[in-house]
Amino acid sequence: MTEAQLKSRQSGTAPADISSPKPALNTHEAVVREVAGYHFANNPKTGALSVLNTAELMAFQRLGSAGDVQEAEGFFRQLGQSQQEAEANTQRLVSRLTRDGWARTGLPESTSRPLSSVYFTLTRECDLACPYCYQGLRKRARKTMPLDQVRAIMDKIAAINPDSHIMVTGGEPMLHPDFFEILELIRDRGFTASVLTNGGLIDEEAAERLASFDNIERVQVSIDGNCEETHAITRGPRSFAKSMAGIHALARHKVPLLLAPTIHDGNADEILDLARLAIELGGSISANDLKQLPQDENSKV
């Protein structure tokens, strides 16, 4: 018996509940996908994300939206754990899920300076036709930003936050005729940068030039499979070899490399192989979860 409970009994009053309130965990809104025996649970509305084994997933689903831990504890008891073990494992899971964002009711507010990062679309032109492209697949020709407009926008960004990070994207940004000159503009204004590309236009010369930019934090290459057949499901035929050649060229020149597959039902079992490849090449991986194909606004008449 604790000192507080003893004093309460001696005074004849009921002991006060001094435990902190349990957070409500919005696990009922989770989107769960299984990959290689693990379960990726996320909530796009709040940014919550956890990787769970099967037992953790079962307990996760029992927590519900009220934050009540009794059902989760009961599940661990059914696995043969003692009451003390069940309580400890449930508390560890609740603490972890809280850190992962499941107690949030919305996306966290940014504490950084305004315009901390910018998606800078140089062109809508692309040599691929991925069905989930957020840019849409129509009216892409001759949609390229003039160099003088690039300069003007860079000046505006610098006026708001000179420490902004510029994510150079498209379309396929390397199709822009002034691609490397634009990278020089970004570097000369003191911005850090990332390049988002499908990798198909990166040869030894391009990789060497990219390696010369000390402000480039990463070159992100979209690769949707570990073989031609899988990659072609979304990226189209005859693109896998070009992308892989670009990836290996970047690695040889020690350009910071990030592989960015979009997970769908046809490639989920190859994501771990892509992760191993990224690590072997000295890079990293950041996967996107494809929920549904977007509406192509450019197809409307």
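1. Basis of the note. The structure is a predicted model in which local features need pLDDT of at least 70 and side-chain atom pairs count only at pLDDT 80 or more, while totals for chains, interfaces and linings use all residues. Residues are numbered from 1 along each chain as its sequence is written, and side-chain values use heavy atoms, with hydrogens and water left out.

2. Overall make-up. The protein chain has 10 helices and 11 strands, where helices (H or I, at least four residues) and strands (E, at least two) are DSSP runs numbered from the N terminus. Of its 301 residues, 41% count as buried; buried means under 20% relative accessible area, exposed means over 50%, and partly exposed lies in between (1.4 Å probe, protein chains only). Among the contacts in the chain with a separation of 6 or more, 69% come from residues 24 or more positions apart, a contact being heavy atoms within 4.5 Å.

3. Helix 2 and helix 3. Two packed helices are described by the angle between their axes and the distance between the axes. The axes of helix 2 (residues 54–63) and helix 3 (residues 70–78) come within 7 Å and cross at roughly 150°; axes are lines fitted to C-alpha atoms, for helices over the stretch in contact, and angles run from 0 to 180 degrees between N-to-C directions. Helix 2 and helix 3 are therefore roughly antiparallel to each other, given that angles under 35 degrees count as roughly parallel, over 145 as roughly antiparallel, 65 to 115 as roughly perpendicular and the rest as oblique. Their crossing is right-handed, a word used if the near helix is turned clockwise from the far one by less than a right angle, with left-handed used if anticlockwise. Helix 2 contributes Ala55, Met58, Ala59, Arg62 and Leu63 to the contact, and helix 3 contributes Glu71, Ala72, Phe75 and Phe76. By class these are 7 nonpolar, no polar and 2 charged residues, with Ala, Val, Leu, Ile, Met, Phe, Trp, Tyr, Cys and Pro counted as nonpolar, Asp, Glu, Lys and Arg as charged, and the others, Gly among them, as polar.

4. Two residues of that contact. Phenylalanine 75, in helix 3, is buried at a relative accessible area of 8%. Not counting residues up to four places away in sequence, phenylalanine 75 touches Ala55, Met58, Ala59 and Arg62. Alanine 55, in helix 2, is partly exposed, with a relative accessible area of 31%, and, leaving aside neighbours within four places in sequence, alanine 55 is in contact with Phe75 and Leu79.

5. Helix 6 and what covers it. The buried residues of helix 6 (residues 179–188) are Phe179, Phe180, Ile182, Leu183, Leu185 and Ile186. Their cover includes helix 5 (147–160), strand 5 (165–169), strand 6 (192–197), helix 7 and strand 7 (216–221). After helix 6 comes glycine 190, which has a positive phi, near 85°.

6. Helix 5 and helix 6. The axes of this pair come within 11 Å and cross at roughly 20°, which means that helix 5 is roughly parallel to helix 6. Leu147, Val150, Arg151 and Met154 of helix 5 meet Glu181, Ile182, Leu185 and Ile186 of helix 6, and these residues divide into 6 nonpolar, no polar and 2 charged.

7. Helix 7 and helix 9. Here the axes of helix 7 (residues 204–211) and helix 9 (residues 240–252) come within 9 Å and cross at roughly 45°, so the two helices are oblique to each other. In this right-handed crossing, Glu204, Ala207 and Leu210 of helix 7 meet Ala249, Leu250 and Arg252 of helix 9, a set with 4 nonpolar, no polar and 2 charged residues.

8. Cysteines. A search of the whole structure finds 0 disulfides, a disulfide being a pair of cysteine sulfur atoms within 2.5 Å. The sulfur of cysteine 130 is 6.2 Å from the closest cysteine sulfur, in cysteine 126, which is too far for a bond. Cysteine 126 is partly exposed at 24% relative accessible area, whereas cysteine 130 counts as buried at 7%.
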